Amino acid sequence: MAMHQSPAAESVTLAIGSVFIFNQVPGPLNIHCQSDHKDFGPRTLPPFDVLEWNVSIVIGKTEVYSCDMSSGNLHGRFDLFDSRTDWNTERCGIKNFDCSWKVAEDGVFLFSAKKGDYVVQYPWSK
(Lines give C-alpha, C1' and ligand atoms only; values in the text may rest on other atoms or scores of the structure.)
Protein backbone atom coordinates (compact mmCIF):
# COMPACT_ATOMS: atom_id res chain seq x y z
CA MET A 1 0.00 0.00 0.00
CA ALA A 2 1.51 3.34 -1.05
CA MET A 3 1.20 6.30 1.30
CA HIS A 4 0.91 9.82 -0.07
CA GLN A 5 1.20 13.05 1.81
CA SER A 6 -1.74 15.32 1.12
CA PRO A 7 -0.84 18.84 -0.08
CA ALA A 8 -4.27 20.06 1.10
CA ALA A 9 -3.00 20.43 4.66
CA GLU A 10 -0.50 23.01 3.44
CA SER A 11 -3.16 25.25 1.93
CA VAL A 12 -5.80 25.47 4.64
CA THR A 13 -7.24 28.99 4.70
CA LEU A 14 -7.95 30.24 8.21
CA ALA A 15 -9.38 33.65 7.33
CA ILE A 16 -9.95 36.05 4.47
CA GLY A 17 -9.83 39.79 4.87
CA SER A 18 -9.20 43.08 3.13
CA VAL A 19 -6.61 45.82 3.21
CA PHE A 20 -7.87 49.35 2.52
CA ILE A 21 -5.70 52.42 1.96
CA PHE A 22 -7.51 55.77 2.10
CA ASN A 23 -5.68 58.74 0.57
CA GLN A 24 -6.21 61.77 2.79
CA VAL A 25 -3.26 63.85 1.62
CA PRO A 26 -4.31 66.95 -0.35
CA GLY A 27 -2.65 65.78 -3.57
CA PRO A 28 -2.33 62.54 -5.50
CA LEU A 29 -0.69 59.61 -3.70
CA ASN A 30 1.77 57.54 -5.71
CA ILE A 31 1.67 54.01 -4.35
CA HIS A 32 3.23 50.67 -5.26
CA CYS A 33 2.31 47.68 -3.06
CA GLN A 34 3.67 44.17 -3.30
CA SER A 35 4.38 40.94 -1.46
CA ASP A 36 6.61 38.01 -2.34
CA HIS A 37 3.66 36.58 -4.30
CA LYS A 38 1.83 39.60 -5.73
CA ASP A 39 2.78 42.92 -7.26
CA PHE A 40 -0.03 45.41 -7.75
CA GLY A 41 2.13 47.73 -9.85
CA PRO A 42 2.47 51.48 -9.43
CA ARG A 43 -0.75 53.46 -9.08
CA THR A 44 -1.79 57.01 -8.41
CA LEU A 45 -4.65 57.57 -5.97
CA PRO A 46 -6.43 60.92 -6.20
CA PRO A 47 -7.28 62.63 -2.89
CA PHE A 48 -10.01 60.74 -0.96
CA ASP A 49 -9.71 57.66 -3.20
CA VAL A 50 -9.21 54.11 -1.88
CA LEU A 51 -6.99 51.19 -2.85
CA GLU A 52 -8.21 47.75 -1.72
CA TRP A 53 -7.05 44.15 -1.98
CA ASN A 54 -7.93 40.82 -0.36
CA VAL A 55 -5.61 38.77 1.83
CA SER A 56 -5.90 35.11 2.86
CA ILE A 57 -4.40 33.73 6.05
CA VAL A 58 -3.08 30.28 5.18
CA ILE A 59 -1.52 27.77 7.58
CA GLY A 60 2.26 27.80 7.28
CA LYS A 61 2.39 30.86 5.02
CA THR A 62 3.44 34.37 6.03
CA GLU A 63 2.11 37.27 3.99
CA VAL A 64 3.76 40.70 4.14
CA TYR A 65 2.60 43.51 1.86
CA SER A 66 4.90 46.51 1.66
CA CYS A 67 4.04 49.77 -0.06
CA ASP A 68 6.20 52.54 -1.42
CA MET A 69 4.27 55.79 -1.14
CA SER A 70 4.92 59.41 -2.06
CA SER A 71 3.02 62.65 -2.39
CA GLY A 72 4.85 65.93 -2.86
CA ASN A 73 7.71 65.94 -0.32
CA LEU A 74 6.22 63.01 1.64
CA HIS A 75 7.71 59.57 0.98
CA GLY A 76 8.32 56.22 2.64
CA ARG A 77 8.11 52.43 2.46
CA PHE A 78 5.73 50.80 4.92
CA ASP A 79 4.50 47.28 5.75
CA LEU A 80 0.72 47.64 5.49
CA PHE A 81 -0.08 44.01 6.16
CA ASP A 82 1.98 41.40 7.98
CA SER A 83 0.09 38.22 8.86
CA ARG A 84 2.38 37.68 11.89
CA THR A 85 1.43 40.98 13.55
CA ASP A 86 -1.77 42.34 11.99
CA TRP A 87 -4.05 39.30 12.11
CA ASN A 88 -5.23 39.74 15.70
CA THR A 89 -8.05 41.35 17.68
CA GLU A 90 -6.09 44.51 18.53
CA ARG A 91 -5.04 45.46 15.00
CA CYS A 92 -7.09 44.20 12.05
CA GLY A 93 -9.29 41.52 13.59
CA ILE A 94 -9.44 37.74 13.17
CA LYS A 95 -12.28 36.43 11.04
CA ASN A 96 -13.28 38.46 7.97
CA PHE A 97 -10.73 41.03 9.11
CA ASP A 98 -10.16 44.54 7.71
CA CYS A 99 -6.90 46.45 7.82
CA SER A 100 -7.93 50.04 7.19
CA TRP A 101 -5.12 52.53 6.64
CA LYS A 102 -5.40 56.31 6.42
CA VAL A 103 -2.54 58.10 4.65
CA ALA A 104 -2.39 61.72 5.80
CA GLU A 105 0.11 64.60 5.86
CA ASP A 106 1.05 63.76 9.47
CA GLY A 107 1.70 60.04 8.91
CA VAL A 108 0.24 56.65 8.08
CA PHE A 109 -2.51 55.49 10.46
CA LEU A 110 -4.07 52.06 11.09
CA PHE A 111 -7.64 51.73 12.32
CA SER A 112 -7.34 49.93 15.66
CA ALA A 113 -10.18 47.46 16.21
CA LYS A 114 -9.46 47.64 19.95
CA LYS A 115 -9.44 51.47 20.21
CA GLY A 116 -12.11 52.14 17.60
CA ASP A 117 -10.02 54.90 16.02
CA TYR A 118 -7.05 55.48 13.74
CA VAL A 119 -3.65 55.28 15.45
CA VAL A 120 -0.43 56.54 13.86
CA GLN A 121 1.87 53.67 12.90
CA TYR A 122 4.47 55.33 10.68
CA PRO A 123 5.79 58.87 10.35
CA TRP A 124 6.90 60.04 6.92
CA SER A 125 10.61 59.80 6.08
CA LYS A 126 12.47 63.09 6.41
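Tutor: Happy to. Let's begin with burial: a residue is called buried when its relative accessible area is under 20%, exposed when that area is over 50%, and partly exposed in between, using a 1.4 Å probe and protein chains only. By that rule, 39% of the 126 residues in the chain are buried.

A word on the model itself. It is predicted, so local features need pLDDT of at least 70 and side-chain atom pairs count only at pLDDT 80 or more, while totals for chains, interfaces and linings use all residues. Residues are numbered from 1 along each chain as its sequence is written, and side-chain values use heavy atoms, with hydrogens and water left out.

Helices (H or I, at least four residues) and strands (E, at least two) are DSSP runs, numbered from the N terminus. The chain has zero helices and nine strands, so its pattern from the N terminus on reads β-β-β-β-β-β-β-β-β. Take contact to mean heavy atoms within 4.5 Å. Of the contacts in the chain with a separation of 6 or more, 51% are between residues 24 or more positions apart.

Now to the disulfide. A disulfide is a covalent bond between the sulfur atoms of two cysteines; here the working rule is a pair of cysteine sulfur atoms within 2.5 Å. That rule gives a count of one disulfide. Its partners are Cys33 and Cys67, with sulfur atoms 2.0 Å apart. The pair ties together distant parts of the chain, 34 residues apart: Cys33 sits in strand E2 (residues 29-34) and Cys67 in strand E5 (residues 64-71). The torsion about the S-S bond is about 115 degrees, which means the disulfide is right-handed. Both ends are covered: Cys33 has a relative accessibility of 1% and counts as buried, and Cys67, at 0%, is buried too.

Which residues does Trp53 touch, leaving aside its neighbours within four places in sequence? Both cysteines are on the list, which runs Gly17, Ser18, Val19, Ile21, Cys33, Phe40, Tyr65 and Cys67. Trp53 also stands out in the nonpolar core, where a core is a set of buried Ala, Val, Leu, Ile, Met, Phe, Trp, Tyr and Cys residues joined through side-chain atoms within 4.5 Å. The largest core has 26 residues, and the members touching the most others are Ile21, Trp53 and Met69. At least two core residues come from each of strand E1 (13-23), E2, strand E4 (50-58), E5, strand E6 (74-82), E7 and strand E8 (107-112). In soluble globular proteins, nonpolar side chains tend to be buried together.

Ser100 lies in strand E7 (residues 98-104) and, at 14% relative accessibility, counts as buried. Beyond its neighbours within four places in sequence, Ser100 contacts Phe20, Phe22, Phe109, Leu110, Phe111 and Tyr118.

Side chains of opposite charge can pair when their charged atoms come close. A salt bridge is counted when a side-chain nitrogen of Lys or Arg is within 4 Å of a carboxyl oxygen of Asp or Glu, and the structure holds one. Asp68 pairs with Arg77, the closest N and O atoms being 2.7 Å apart. Asp68 is partly exposed at 32%, and so is Arg77 at 47%.

His75 is in strand E6 and is partly exposed, with a relative accessible area of 38%. In strand E1, meanwhile, there is Ile16, whose C-alpha atom is separated by 6.2 Å from that of Ile57, 41 residues away along the chain. Ile16 is partly exposed at 48%.

To finish, a backbone detail outside the strands. Phe48, in the loop between strand E3 (39-45) and E4, has a positive phi of about 70 degrees although it is not a glycine. At 68% relative accessibility, Phe48 counts as exposed.
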